Amino acid sequence: MKQLSVDHLLGIKYLNKNDIDLIFETADHFKEVINRPIKKVPSLRDITIANLFFENSTRTKLSFELAEKRLSADVINFSSSQSSVKKGETLIDTVNNILSMKVDIVVMRHPNVGAGVFLSKHVDAKIINAGDGTHEHPTQALLDSYSIREKLGTVKGKKILIVGDILHSRVALSNIFALQLQGAKVKVCGPTTLIPKYISSLGVEVETDLKKALEWCDVANVLRVQHERMDVKYFPSTREYTQLFGINQQILDSLNKDIVIMHPGPINRGVEITSDVADSNSSIILNQVENGVAVRMAVIYLLAQQIKR
Amino acid sequence: MSSKVLLNSKEIEIILHRLACQLIENHNDFSNTVLIGLQPRGIYLAKRLKDLLTNHYHIKDLKMGLLDITFYRDDFRRRDLPLDASSTEIDFLIENKNVVLIDDVLFSGRSIRAGLSAINDFGRPNLVELLVLIDRRFSRHLPIQPNYIGRQVDAINQEKVKVCWAETHNEDVVYLEHNT
Amino acid sequence: MEITNPKDYTLIISTENSFEEFYTAFISQGLHEVSTHKIVQLSEKFNTTITNLSLFLNVSNEHRNNSISFVIICTGIDIDEIPDEISVVPSVIEAEDVLEMDAIERDLGF
């Protein structure tokens, strides 16, 4: 099957295993392209892509923009600060204005859960979800799995630990879906107040002791601690978080094996992870960034393929 | 569907030797020349020629690469079937080199056009030549001609030239298939 | 006050002469209680202020806690001043969009 089974990329939950394999095979080709002298292919020369970022994001936006330009697509950007966009208020209007400029694909990050789903019902373009509230961030999960596959050969049967604020993390949720689809085992570790109650219904175990969790896993995906959440409701203080859940070189040395360290970025050095770990040989954080462009090129290419002239 | 043998293994072997000699006449010791096989089917011919030139004609250090043109094709989104890419492996520089592009059958010329675009993204070659096993002479859609030809065939549109290599089939044979 | 049920929600359109009159009628008719999804349309001549809108804060929270939508249509107000907990939009179409987005959010388990 050389086509995606979906018309949009709204979440990992809508994909099947074949889709993931196809995305990875296609990303392999694009990884070779981005290592050439001229890092472009002309395939999407007549496609226009709009990046709608209703939430701040430098890294994801840059990664998508790079991917789009490497495919030779025309790119238009629209960003909006939090205050001028409330719920569905300007969403339809903005998108219809853009679509009247003949846009084929929309890459959108929006603070509302399901914003992508909503858009796909109202506009005539391919939608790629770049993050919708606390729901999903599918391309991040895809590049994470792709990076694991690159480092360990496969994702199947591997033990993946996600550490941090699971409750508010769309990266965590998308990763859980993706890893389980590929036959990996997933555990989470973090403060109990930051672990959602529904986690066990997803088939994911909780381990509150960091050392035990690290002993178990092959890969640790360390999530960013969001300072906004560091209030009394969720967690006493950043320092206490770091003491209980921070990844440093000592704790890694105390394990009886080497594990792979990942982080979606941006890193709070010294909080959830120390600099020496982030910059060490166990870390594939920079590979994640490079792979992000290749994986996003693959997703965009495969969706564009469905757009008939 | 009826098929007729256009070239048998003996004839193919003779042709490969002739092509190798023609290449040597123009490129000497290949110190400034590289071979590039077009995916998916030109790669077998390219490998054969490389083996022949290296083992039989003692060319040293002959560089050969594989080029996939899927992302340069002009029929992206115009076909019903999705495209299936193969790999590109070019681990040497193209800049200022003589490139011999190799494919099994030259038909409309569109694959070669895509190949030329792709090559240019790897650098600026000194010159590019085209080597094909079979040239379907009157089937061109673009002004593209080969420099080295195994056999010229005046096939009509309903006929298909099928090249089989010993690596994937039992032996080297070229068939002309006709849909009845 | 006009109350209708155009689709699967209750539309409350203010016909009173002032915000205070409308709000009093709203409460006395028990419309602040959680039942159906609601869209409240405030008349433009009210010159509604943030203080006025803040009166709906509890109503809005109660509805949200029970997974019911509550949206206010109001123009002439600075968006940045409105508390995040109150959903305010400029027209009926956008209000219906909000209802749809809330429904999608609930479908996704949030």
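Chains B and C do not touch, and their nearest C-alpha atoms lie 32 Å apart. The model is predicted, so local features were taken only at pLDDT of at least 70 and side-chain atom pairs only at pLDDT 80 or more, whereas totals for chains, interfaces and linings use all residues. Residues are numbered from 1 along each chain as its sequence is written, chains are lettered from A in the order in which they are written, and side-chain values use heavy atoms, with hydrogens and water left out.

Over all chains, 20 salt bridges were counted, a salt bridge being a side-chain nitrogen of Lys or Arg within 4 Å of a carboxyl oxygen of Asp or Glu. One of them joins the side chains of Lys187(A) and Glu205(A), at 3.8 Å from N to O. This pair links distant parts of the chain, with Lys187(A) in strand S6 (residues 185-189) and Glu205(A) in strand S7 (residues 205-206) of chain A, 18 residues apart. Helices (H or I, at least four residues) and strands (E, at least two) are DSSP runs, numbered from the N terminus. Lys187(A) counts as buried because its relative accessibility is 13%; buried means under 20% relative accessible area, exposed over 50% and partly exposed in between, with a 1.4 Å probe and protein chains only.

A salt bridge is also formed by Arg269(A) and Asp279(A), whose closest N and O atoms are 3.2 Å apart. Arg269(A) lies in the loop between strand S9 (260-262) and helix H10 (275-278) of chain A, and Asp279(A) in the loop between H10 and helix H11 (285-304), 10 residues apart. Arg269(A) is partly exposed at 47% relative accessibility, while Asp279(A) is exposed at 55%.

In chain B, Arg41(B) and Asp104(B) meet in a salt bridge of 3.4 Å, N to O. Arg41(B) is in the loop between strand S2 (33-38) and helix H2 (42-56) and Asp104(B) is in strand S4, so the pair ties together parts 63 residues apart in sequence. Arg41(B) is partly exposed, at 49% relative accessibility, and Asp104(B) is buried, at 4% relative accessible area. Arg48(B), Glu167(B) and Asp172(B) are joined into one network by salt bridges that share partners.

Asp121(B), in the loop between helix H3 (110-120) and strand S5 (127-136) of chain B, is buried yet has no salt bridge. The nearest side chain of opposite charge (Lys and Arg count as positive, Asp and Glu as negative; His and the chain ends are not counted) is that of Arg36(A), 5.3 Å away. Leaving aside neighbours within four places in sequence, Asp121(B) is in contact with Pro37(A), Ile38(A), Lys40(A) and Tyr72(B).

Asp7(A) is found in the segment before helix H1 (17-33) of chain A and is partly exposed, at 47% relative accessibility. With neighbours within four places in sequence left aside, Asp7(A) is in contact with Lys126(A), Leu303(A) and Gln306(A). The C-alpha atoms of Asp7(A) and Gln306(A) are separated by 7.7 Å, although the two are 299 residues apart along the chain.

Key. Contact means heavy atoms within 4.5 Å.
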